[in-house]
Amino acid sequence: MVISKYILLSSRSWVYAGVGFTLIFPVLWLTLLRIVGNPQYLQYFMVGTVVNTSFLIPFIGTAQDMAYIRRGSTIYTVLFSNGADHWDIALGYITQTLLLTLPSIASLLLLSMAILGVRYGVAQIMTTLVTALVIALSSSLLGYALGIGVRNYRITNQVSQVIPWPLLLLAPVYYPITILPQAIRLVSLVLPTTYMALAIHGSLVLNPMELIRGLLGLLVYSSASILIARHAVIRGEVNG
Amino acid sequence: MVNSENVIVKAECLWKRFGSLTANECISISAHEGEVVSILGPNGAGKTTLLRQIYGELRPDSGVVTVMGLSPKEAKGRGIMGVVPQEATPFNLLKVREHVEMLVRLRGVPRGMVKGCVDEALEAVGLREYGGKLIDELSGGMKRLVLVASAIACRPRLIILDEPTVGIDAQNRRSIWNVIRAARDEGSAVILTTHYIYEVEELSDRVYLMNRRIIMDGSPSELRKVLPWVEVRVDDTGEVFRVGWDEAIGIIDDLVRRRVRFEVKEPSLEDVFIKVFGDPHEAE
């Protein structure tokens, strides 16, 4: 865990972007949806904003950071050759995103009550916070697998910015699945964001079955990410 | 003192291929306690590939590397190695002191010793007053010094420096040389690659010349003896005689009698390098 402290220290250089993406933009987005959105989907606006916040930055941040330190520079080699294990480095980045996401989600949940006029109890807030952390962890793992798996870091930089949008727009994140056309509903079943939205909705309405279905979906994606990352590490040791 | 008991690194017949390219062909090298070992070879000779296998970033296709009797991974886990990889960049978003401290802590140095080690390493490379500065704000040469300080802090038993003085000015290069000598004097084994051959002559106890495989090895003076000539350069006329010692004595005797100014130059390691690997200009 030594490395987590220093990775966290390095994040002070982009604190403004971090606060912007994890708090200010979500609050503005929520406010906009409150003003122009259909009031019957209020609950989904909240689900979408929490999913967006706990998915986007951990995914893009981890993918781009990993791609840069592994492929765009030799920082990864400096850390690795001087004692860090591959998983120490991964854990460092994941811890960083979790620690940065937690206060944002907590603030967002509290602010949402004022913005949307919804009411959440302590149990709902606590469950949603834990679920949001699981989503951030899962998203970090997806980002890690992308960052370490693709050799050309410029491709990772671009792909990591493109991938989130279909994942957020083709999945029932900001709206219920029932308003999606049939074909897109089928597509949404293979998207991780669908399960993130299920888990957050289940947490906010305290529906255990929905929460468990969402978390099981995330478990599948996280396991796949770990396998991809492990394969990339072994491939790197053999092929350079 | 070099003997089989104080061996720090032992690589035995390492082979490494990348597709159809063979980077290392049955390479065997060793480095002992209190020894600076340099690896010299032209670009693409497989030096960095060899080092990456020693510090465990690459798996050899066959052959074995041991560091103090352990696998590279185990040795890394016990904090035995300090490494400056080729073309390395430090973690630019940290402050200088934080970077050195991070690598010291990664090597498992007890907390109570960390501050002393960091101070000593920063002092050794002349970065003490820059400890609180963000690495991103330093010049390229100073960033290399941060890496060297991070690698040598707390004197790991094995220090691997892959071209550590690239882009560093003469004064700072001397600082790094002093750091390498101090590490050797305190018993660390240092493995060095560089394209500055005079650096190898200054620092090395043993040199391996390699081009995918080891071509020869020995101390710098042993390697220089490969070339059996001496150069007599006459200052006034610019004439150069590259002859054996017996013939050179006759020429010198004649020049002394004629009171002509001249200089005598023995082969350098660079001459050996050119002889072994060829002169690209002659090939053209």
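Mentor: Start with A:Thr74. Setting aside neighbours within four places in sequence, A:Thr74 is in contact with B:Pro85, B:Glu87, B:Ala88 and B:Thr89. Keep in mind that this is a predicted model. A:Thr74 sits in the loop between helix H3 (42–72) and helix H4 (75–81) of chain A. Is this residue buried or exposed? A:Thr74 has 21 C-beta neighbours inside 10 Å. The cut-off for a buried residue is 20 or more, so A:Thr74 counts as buried.

Now widen the view to the whole interface. On the chain B side, 27 residues are in contact with 20 residues of chain A. Three elements of chain B each supply at least two residues to the side that touches chain A: strand S5 (81–84), helix H3 (96–106) and helix H5 (140–152). H3(B) gives the most, with five residues. By class, the side of chain B that touches chain A divides into 16 nonpolar, four polar and seven charged residues.

Two of those elements also pack on each other. The axes of H3(B) and H5(B) are 8 Å apart, at an angle of about 35 degrees. Their crossing is right-handed. From H3(B), the contact uses B:Val96, B:His99, B:Val100 and B:Leu103. From H5(B) come B:Val146, B:Ala149 and B:Ser150. The class count for this helix pair is five nonpolar, two polar and no charged residues.

Chain A has 11 helices and zero strands. Along the sequence, the pattern reads α-α-α-α-α-α-α-α-α-α-α. A compact globule of 240 residues would have a radius of gyration near 18 Å; chain A has 18 Å, so the value agrees. Along the principal axes, the C-alpha atoms of chain A fill a box of roughly 55 × 40 × 30 Å. Of the 240 residues in chain A, 45% count as buried. Take the contacts in chain A between residues at least 6 apart in sequence: 77% of them join residues at least 24 apart.

Helix H2 (residues 15–36) and helix H5 (residues 86–116) of chain A have axes that come within 10 Å and cross at roughly 20 degrees. Angles under 35 degrees count as roughly parallel, and H2(A) and H5(A) are therefore roughly parallel to each other. H2(A) passes H5(A) in a right-handed crossing. On the H2(A) side, the residues that meet H5(A) include A:Gly18, A:Leu23, A:Val27 and A:Arg34. Facing them in H5(A) are residues including A:Leu100, A:Ser104, A:Leu111 and A:Ile115. By class, this contact has nine nonpolar, seven polar and one charged residues.

Finish in chain B, with B:Ile215. B:Ile215 is found in strand S9 (residues 213–218) of chain B. With 14 other C-beta atoms within 10 Å, B:Ile215 is partly exposed. Leaving out residues up to four places away in sequence, B:Ile215 touches B:Leu209, B:Met210 and B:Val276. B:Leu134 lies 81 residues from B:Ile215 in sequence. In space, the two are 43 Å apart, C-alpha to C-alpha.

How values were computed:
Residues numbered from 1 in each chain as written. Chains lettered and ligands numbered in written order. Predicted model: local features only at pLDDT ≥ 70, side-chain atom pairs only at ≥ 80, totals over all residues. Contact = placed C-beta atoms within 7 Å. Helix = DSSP H or I, 4+ residues; strand = E, 2+ residues; numbered from the N terminus. Nonpolar A, V, L, I, M, F, W, Y, C, P; charged D, E, K, R; others polar. Axes fitted to C-alpha atoms, helices over the stretch in contact; angles between N-to-C directions. Left-handed = near helix turned anticlockwise from the far one by under 90°. Parallel < 35°, antiparallel > 145°, perpendicular 65-115°, else oblique. Buried ≥ 20, exposed ≤ 12 C-beta atoms within 10 Å, placed from the backbone. Rg over C-alpha atoms; globule rule 2.2 N^0.38 Å.
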